[in-house]
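Me: I am new to this structure and would be grateful for a close look at one part of it. Please set out the contacts and surroundings there in a connected account.

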Amino acid sequence: MTLMDRIDQDLHPHTVPGEPLSDAQVGTAVAALAMLAEPTRLRLLWALREGELGVTALAEAAGCSPTAASQHLSKLRISGLVDQRAQGRARLYRLRGAHLRRLLDEVAAHADHTLRGLPPHA
């Protein structure tokens with residue numbers, strides 16, 4: 001077991017390498033990945049990696065209207081991927097947790113490796 005494996009196991013004692021995932025884990029993971037499988041939602045989540053943003057800034061970052069951004073953000077909030085808070089009349093959104101940030105980073109790195117023809121990491 002490598003150092004990173006031990007660190008990951010310490011951070012995530014509920015995941016045991018080599019053990020099958022429970023039905024609940026699979027269902028939750030599939031639902032989260034389905035939310036990421038839509039281009040506008042992926043762009044919204046990517047913009048939120050840098051921190052909390054309002055709907056107007058998120059719509060700009062995702063290249064959509066504020067109405068469309070709000071609809072997607074509502075789905076992301078209901079699915080548990082983002083949190084929202086009120087600041088006056090505005091709603092500010094942020095990613096829910098570091099797991100999602102790491103997942104987004106890995107997805108982007110995978111895409112970059114694929115598009116640039118780089119070899120996979122061992």
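Reply: A patch is made of residues with over 30% relative accessible area and no salt bridge, like charges being joined within 9 Å and nonpolar side chains (Val, Leu, Ile, Met, Phe, Trp, Tyr) within 5 Å. The model is predicted: local features need pLDDT of at least 70 and side-chain atom pairs pLDDT 80 or more, while totals for chains, interfaces and linings use all residues. Numbering runs from 1 along each chain as written, and side-chain values use heavy atoms, without hydrogens or water.

Leu21, Val26 and Val30 form a nonpolar surface patch with about 260 Å² of accessible area together (Shrake-Rupley method, 1.4 Å probe, only the protein chains shown counting as cover for residues). Valine 26 belongs to helix α2, residues 23-36 (helices, H or I, at least four residues, and strands, E, at least two, are DSSP runs numbered from the N terminus).

Turning to charged pairs, the structure holds 6 salt bridges (a Lys or Arg side-chain nitrogen within 4 Å of an Asp or Glu carboxyl oxygen). Arginine 49 sits in the loop between α3 (39-48) and β1 (53-54). Its side chain meets that of glutamate 50 in a salt bridge at 3.4 Å, N to O. Aspartate 105 also forms a salt bridge with arginine 49, the closest N and O atoms being 2.7 Å apart. Because aspartate 105 lies in helix α6 (residues 98-116) and arginine 49 in the loop between α3 and β1, this pair ties together parts 56 residues apart in sequence.

Arginine 85 and glutamate 52 meet in a salt bridge of 2.8 Å, N to O. Arginine 85 lies in strand β2 (residues 82-87) and glutamate 52 in the loop between α3 and β1, so the pair joins parts 33 residues apart in sequence. Through shared partners, salt bridges connect Arg49, Glu50 and Asp105 into one network.
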